[in-house]
Amino acid sequence: DKDTGIIDLDRECECYKYINVYRQIHVENLGYFIIDSCDENSDGINPYYEVTANSCEIELNNAGLNIADGTYQFYDSSSPSNTILGKILNLCPAWKVGTVSSTVASRYRTFTDLNQNVYSFMSGDMGNAFECIADFDIENRTINILDAEIEIPNTDILLTFDNVIKNVKVSKSSDNVVTAL
């Protein structure tokens, strides 16, 4: 029913056939999300799907980074192929460079044993070594690089249950547990 949002059991909702794991959802003015799980539920009257999705930057987990040991410049727009960011983007053709802080772009760092997924590297080793923050624009699939020391000012904002936070949900998933033998 259009007015109530209730789906009649006798009618199939046309969009139901498109809900599936790994399908992408676009939320206008926000970005792309990839369905992680979808459970069909019903209370006996109204069938519905409960969908869990992650922002599309999660696809950077699927690209393995295996770069030879050496010293690399962060980024050079005129010759990106031999830079760290250029090598990352070669592995992730759906993503492109947005804005890159000029102070970060000119930095050189030496790496050994770069054998991990792209997202882990960008949010961990790369951020620490180049003192930068990767900002993923999931609407345009661009990666913006900020200088962590210059472009992120400290604020006196404090989020608490007394002022802004209404509720918090903490979930644990066995999908994120890794053990070594």
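Does Val-51 count as buried, exposed or partly exposed, and at what relative accessibility? Val-51 counts as partly exposed because its relative accessibility is 35%; buried means under 20% relative accessible area, exposed means over 50%, and partly exposed lies in between, with a 1.4 Å probe and protein chains only. The structure is a predicted model, in which local features need pLDDT of at least 70 and side-chain atom pairs count only at pLDDT 80 or more, while totals for chains, interfaces and linings use all residues. Residues are numbered from 1 along each chain as its sequence is written, and side-chain values use heavy atoms, with hydrogens and water left out.

The protein chain has four helices and ten strands; helices (H or I, at least four residues) and strands (E, at least two) are DSSP runs, numbered from the N terminus. From the N terminus on, the order of elements is β-β-β-β-β-α-β-α-β-β-α-α-β-β. Of the 181 residues in the protein chain, 28% are buried.

Val-51 sits in strand E3, which covers residues 47-55. Together with Ile-25, Val-27 and Leu-30, Val-51 makes a nonpolar surface patch of about 280 Å². Patches are made of residues with over 30% relative accessible area and no salt bridge, where like charges are joined within 9 Å and nonpolar side chains (Val, Leu, Ile, Met, Phe, Trp, Tyr) within 5 Å. Accessible areas come from the Shrake-Rupley method with a 1.4 Å probe, and for residues only the protein chains shown count as cover.

The loop between strand E1 (24-27) and E2 holds Asn-29. This residue is not a glycine, yet Asn-29 has a positive phi of about 65°. Asn-29 counts as exposed, at 71% relative accessibility. A positive phi also occurs at Glu-131, where the value is near 50° in a residue other than glycine. Glu-131 is placed in the loop between helix H4 (125-130) and E9, and is partly exposed with a relative accessible area of 37%.

Rolling a probe the size of a water molecule over the atoms shows where empty space is left. On a 1 Å grid over the protein atoms alone, a cavity is a set of points where a 1.4 Å probe fits but cannot get out, whereas a pocket is an open set with protein on both sides within 12 Å along at least five of seven lines; lining residues have an atom within 4 Å of a point. The second largest pocket holds about 270 Å³ of space; grid points are joined across faces, edges and corners, and the volume is the space filled by probe spheres set on the points. Its lining includes Val-21, Tyr-22, Ile-34, Asp-36, Glu-59 and Asn-62. Strand E2 (residues 31-42) gives the most to this lining, with three residues. By type, the lining divides into five nonpolar, four polar and two charged residues. Here Ala, Val, Leu, Ile, Met, Phe, Trp, Tyr, Cys and Pro count as nonpolar, Asp, Glu, Lys and Arg as charged, and the others, Gly among them, as polar.

Asn-62, one of the lining residues, lies in the loop between E3 and strand E4 (64-67). Asn-62 is exposed, with a relative accessible area of 68%. The C-alpha atoms of Asn-62 and Leu-91 are 9.7 Å apart, although the two residues are 29 apart in sequence.

Side chains of opposite charge can pair when their charged atoms come close. A salt bridge is a side-chain nitrogen of Lys or Arg within 4 Å of a carboxyl oxygen of Asp or Glu, and by this rule the count is two. In one of them, Glu-59 pairs with Arg-141, with the closest N and O atoms 2.8 Å apart. Glu-59 is in the loop between E3 and E4 and Arg-141 in the loop between strand E9 (132-137) and strand E10 (142-147), so the bridge ties together parts that are 82 residues apart in sequence. Glu-59 and Arg-141 are both buried.

Arg-107 forms a salt bridge with Asp-147, where the closest N and O atoms are 2.8 Å apart. This pair links distant parts of the chain, 40 residues apart: Arg-107 is in the loop between helix H2 (102-105) and strand E7 (108-111), and Asp-147 is in strand E10. Arg-107 is buried at a relative accessible area of 16%, and Asp-147 counts as buried at 0%.
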